[in-house]
Amino acid sequence: MICLKCKQEINENSKFCIKCGSPVPRCPSCGMVLTKKVRYCTQDGKLIPDSVLVLFDEISSEKPDQPQRIVTPRRAREIHSQAVEQEKFAQKRGGHRILQIILFFLLIIMLAVSGIASYKIITFETIFEIEETVSEQVLGYEGKDAI
């Protein structure tokens, strides 16, 4: 893998370049190294947070010969708060998906139960009709009035 800033060869598992110290942009969900500034990860399709995309702007704005720009504590807090907000949004979205799945399975169960109940009712009525027919033919009377 090659550092985007200084073009130095670095280890595949590195989080920072050992020569210039710039961070290696990775997808936060799957860990794949990002070589281009893209909005969605090509590996898992998840949204890349702005806190990671900012790294590409910082790398492209600096020249390899210049020392690395120091991130101020204020900027670090801003990046962190953006990442936290995006994580909360992703969790809410995931919660809605789980709710949809649960409701889907409840619907399937309700349909199965109503189908079984309908089958039982139809089967019971059919058995009752067969018993009446047999009693009429074998015993020669109709219903309870003949007794």
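Asp50 is partly exposed, with a relative accessible area of 31%; here buried means under 20% relative accessible area, exposed over 50%, and partly exposed in between, with a 1.4 Å probe and protein chains only. The side chain of Asp50 meets that of Arg39 in a salt bridge at 2.8 Å, N to O. Asp50 lies in helix H1 and Arg39 in the segment before H1, so the pair ties together parts that are 11 residues apart in sequence. Arg39 is likewise partly exposed, at 36%.

A salt bridge is defined as a side-chain nitrogen of Lys or Arg within 4 Å of a carboxyl oxygen of Asp or Glu. The whole structure contains 3 salt bridges by a search of this kind.

## Basis of the description

The model is predicted: local features need pLDDT of at least 70, side-chain atom pairs count only at pLDDT 80 or more, and totals for chains, interfaces and linings use all residues. Residues are numbered from 1 along each chain as its sequence is written, and side-chain values use heavy atoms, with hydrogens and water left out.

## Overall fold

The protein chain has 2 helices and 0 strands. These elements are DSSP runs numbered from the N terminus, helices being H or I of at least four residues and strands E of at least two. Of the 147 residues in the chain, 18% are buried.

Contact means heavy atoms within 4.5 Å. Among contacts with a separation of 6 or more, 27% join residues 24 or more positions apart. The accessible surface of the chain is about 11,800 Å², and carbon and sulfur atoms account for 61% of it; such areas come from the Shrake-Rupley method with a 1.4 Å probe, and for residues only the protein chains shown count as cover.

Two salt bridges involve Glu78: one with Arg74 at 3.6 Å, N to O, and one with Arg75 at 3.3 Å, N to O. Through these shared partners, Arg74, Arg75 and Glu78 are joined into one network.

Arg74 and Glu78 both lie in helix H2, 4 residues apart, about one turn of the helix. Glu78 and Arg75 are 3 residues apart in H2, also separated by about one helical turn. Arg74 counts as exposed at 59% relative accessibility, whereas Glu78 is partly exposed at 32% and Arg75 is partly exposed at 24%.

## An aromatic pair

Rings of Phe, Tyr and Trp (its six-membered ring) pair if their centres lie within 6.5 Å; planes under 30 degrees apart count as stacked, over 60 as edge-to-face and the rest as tilted. The count by this rule is 1 aromatic pair. The ring centres of Phe104 and Phe105 are 5.6 Å apart and their planes stand at 70°, so the pair is edge-to-face. Phe104 is partly exposed at 47%, and Phe105 is partly exposed at 49%.

## Residues before helix H1

Ser29 lies in the segment before helix H1 (50-61) and is partly exposed at 45% relative accessibility. Apart from its neighbours within four places in sequence, Ser29 is in contact with Asp44 and Lys46.

Although Lys7 is not a glycine, its phi is positive, about 65°. Lys7 counts as exposed, at 57% relative accessibility.
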